[in-house]
Amino acid sequence: MAYSKKGVLEIINQNAYLVEPLFGKDIKKAPTRDGYGEAVIELGETNPDIMVLSGDLTESTRTLTFSKKYPERFVESGVAEQNMAGMAAGLALEGKIPFVSSFAVFSPGRNWDQIRVSICYSQANVKIAGSHTGLLTGGDGATHQALEDIAITRCLPNMVVLAPCDKIETKKATIAAAKHVGPVYIRFARDKTPVFTTDETPFEIGKALVLKDGVDAAIIACGTMVYPSLEASEELSKEGYSIRVINSPSIKPIDVNTIVDAAKDTGAIVTAEEHQIYGGLGGAVAEVLTTNFPVPQEVVGVMDTFGESGEPQELWDKYGLTVGHIVSATRKAMKRKPRNPIGIP
Amino acid sequence: MLAISDLEVLELEAMANTMRQDIIKMLVSVGSGHAGGPLGMAEVFAVLYFHILKKDPKNPFWPERDRLILSNGHICAVRYAAMARAGYFPVEELLTYRKIDSRLQGHPHNRSLPGLENTGGPLGQGLSQAVGRCIAGRLDGKKYRVYCVMSDGEHDEGQTWEALMWAGNHKLRNLTTLMDRNNIQIDGHTEDIFPLEPLRNKYEAIKWHVIEVDGHNVREIIAACEEAQHIYEKPTAIICHTVPGKGVSYMENNYEWHGKAPTKEQGEVALAELRAEGDRIQKEILGAAK
């Protein structure tokens with residue numbers, strides 16, 4: 001809890017039910033993909049139409065337990081992602097709810113045309129689960145680090161795009177995807193990241209959630225960049241800034257109201273995502289701002305370049321995805337605010 | 001296998017001829033579309049819609065129906081003609097093909113017209129969907145069969161082989177494909193552009209049962225479909241050797257007619273040829289009925 005320069009109380013949103021303490025070395029860490037694995041098992045128990053397809057990446061995508069528990073509802077496609085997407089479309093058009101599991105670079109990367117035509121245009125009720133997104137993929141290098149997946153799915157009509165922020169939210173997003181009728185893409189990651197939401201934290205497709213209120217700027221983040229954004233806000237609060245932090249796991253449909261409110265209340269927006277700066281959450285937020293309430297925006301993401309092999313933290317340092325980068329971007333956004341905005345003395 | 005009478009064969013041939021005339025009228029009306037493939041597959045579609053498929057045109061989502069996936073969506077004019085003639089929608093609607101606000105899209109869209117099982121256009125996508133439907137049918141203990149019409153040209157696509165190998169490995173016996181082996185693709189003859197032979201050997205190597213037929217011989221097509229129903233350990237591929245542009249002399253075997261429509265005058269010539277053939281079949285029908 002802190003006061004901004006203007007004397008406004010900035011506070012963690014109690015209705016977000018985040019873990020306490022939120023910061024510190026003791027925070028529990030787990031890979032977001034584990035949440036996906038747990039969710040499909042839970043879904044499999046309650047819904048006989050749930051199926052899982054895997055492209056020779058069953059353990060990596062955490063679907064091994066499902067495959068053993070429900071072998072008849074598990075389809076091993078082999079390393080053939082185009083056929084996997086097509087089979088899923090056929091299954092969905094017969095009433096099944098297939099979850100297509102692979103690395104995001106292969107699905108929706110390699111099979112984009114199949115997702116476009118056989119799934120989205122056909123309105124087939126298929127869920128695409130892309131693991132190993134972002135630089136957190138680490139040592140495998142640039143070929144396996146999906147940094148374009150939001151851009152290529154967000155542009156598809158009928159598609160919902162979800163980028164949950166931790167293991168618990170990934171589980172919720174997966175369960176929500178199963179309930180939603182229509183194509184959904186969910187992205188998650190390989191490496192361990194803080195688990196800072198709880199079972200009580202709200203999740204709804206199409207909704208963003210203010211995790212921490214503030215009035216000097218708002219950081220809108222998704223996926224693995226949400227927790228570093230909270231840390232960035234905390235760091236700036238030591239300097240007296242009150243920074244709102246918004247978790248926006250639903251990139252499409254995006255929560256226009258929460259974004260516009262943040263622009264009106266703070267006058268400066270920062271977006272943060274583990275994705276290319278073009279076509280991702282930053283682009284989606286910019287589209288909302290330019291058509292509703294334009295304010296300065298800074299984009300934290302990978303700067304139109306491919307990654308490389310390395311430890312996750314080294315890669316975040318080198319490619320501009322650390323708390324420090326979010327702090328700098330937020331300072332820059334605040335500096336760009338008009339000096340005398342209307343209505344603010 | 002049920003014996004089929006000469007009269008039934010002639011009636012299917014007459015239906016194929018009617019569908020060819022429909023196709024020419026559709027293409028001339030809109031001034032674009034594909035001619036070669038649809039004309040070449042008229043007998044196959046006549047046999048499927050009027051002899052083989054379990055279907056209910058008034059209830060296109062009937063759960064027990066056989067599923068017909070059209071993978072090479074660009075030949076949809078022949079499917080539309082067959083569906084209209086089978087009673088899925090009024091024959092007059094055929095002339096909306098490729099026009100604004102039509103249910104008959106240039107490449108078929110499953111959500112536009114009830115009775116279309118799939119969206120097809122980008123080649124190689126249909127068989128995977130057919131495989132998915134086979135898996136669902138097997139899981140649910142359903143009796144329906146899945147038929148997938150494919151082109152030879154789309155065997156250039158890697159996805160086709162992904163799906164073929166998956167189906168062979170998993171012994172999808174409720175799956176039957178009918179390949180339009182007309183030897184042409186947009187840029188020329190298949191064996192010049194991207195040679196596919198030996199197709200039979202390739203299919204057999206990946207655990208398919210293969211039947212080759214004259215794709216204009218109604219009896220052979222029926223016999224092959226019925227044989228496929230009695231192959232219990234493999235999916236069946238029926239390679240239908242066809243003449244692209246069949247029934248219109250200036251289009252036959254000319255790959256330049258793969259993707260274009262006849263002008264009004266060319267259409268008149270085509271229709272005159274087709275009507276003459278139609279009259280010949282009607283005379284034979286009268287003879288057979290006696």
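Predicted model: local features only at pLDDT ≥ 70, side-chain atom pairs only at ≥ 80, totals over all residues.

Biologist: Fine. How many helices and strands are in chain A?

Modeller: Chain A has 11 helices and 16 strands.

Biologist: What radius of gyration does chain A have, and what would a compact globule have?

Modeller: Chain A comes out at 20 Å. A compact globule of 345 residues would be near 20 Å, so the two agree. The C-alpha atoms fill a box of roughly 65 × 40 × 40 Å along the principal axes.

Biologist: What share of the residues is buried?

Modeller: Buried residues are 59% of the 345 in chain A. Also, among contacts with a separation of 6 or more, 79% link residues 24 or more positions apart.

Biologist: Now the sheet. What is the strand order in the open sheet of 5 strands?

Modeller: In chain A the order is E11-E13-E12-E15-E16, with mixed pairing. E11 (209-212) and E16 (297-302) are the edge strands, each pairing on one side only. From one strand to the next, the twist averages 25 degrees.

Biologist: How do E11(A) and E13 run?

Modeller: They run antiparallel, joined by 3 bridges. Leu209(A) has Asn247(A) in E13(A) as its bridge partner.

Biologist: Which strands does helix H11 of chain A lie across?

Modeller: H11 (residues 323-335) lies across E12, E13, E15 and E16 of chain A. Its angle to E16(A) is about 160 degrees.

Biologist: Switching to the interface. How many residues of chain A are in contact with chain B?

Modeller: 22 residues of chain A contact 22 of chain B. H3(A) gives the largest share of chain A's side, 9 residues. By class, that side has 9 nonpolar, 9 polar and 4 charged residues.

Notes. Residues numbered from 1 in each chain as written. Chains lettered and ligands numbered in written order. Contact = placed C-beta atoms within 7 Å. Helix = DSSP H or I, 4+ residues; strand = E, 2+ residues; numbered from the N terminus. Nonpolar A, V, L, I, M, F, W, Y, C, P; charged D, E, K, R; others polar. Rg over C-alpha atoms; globule rule 2.2 N^0.38 Å. Buried ≥ 20, exposed ≤ 12 C-beta atoms within 10 Å, placed from the backbone. Pairing = 2+ DSSP bridges. Axes fitted to C-alpha atoms, helices over the stretch in contact; angles between N-to-C directions.
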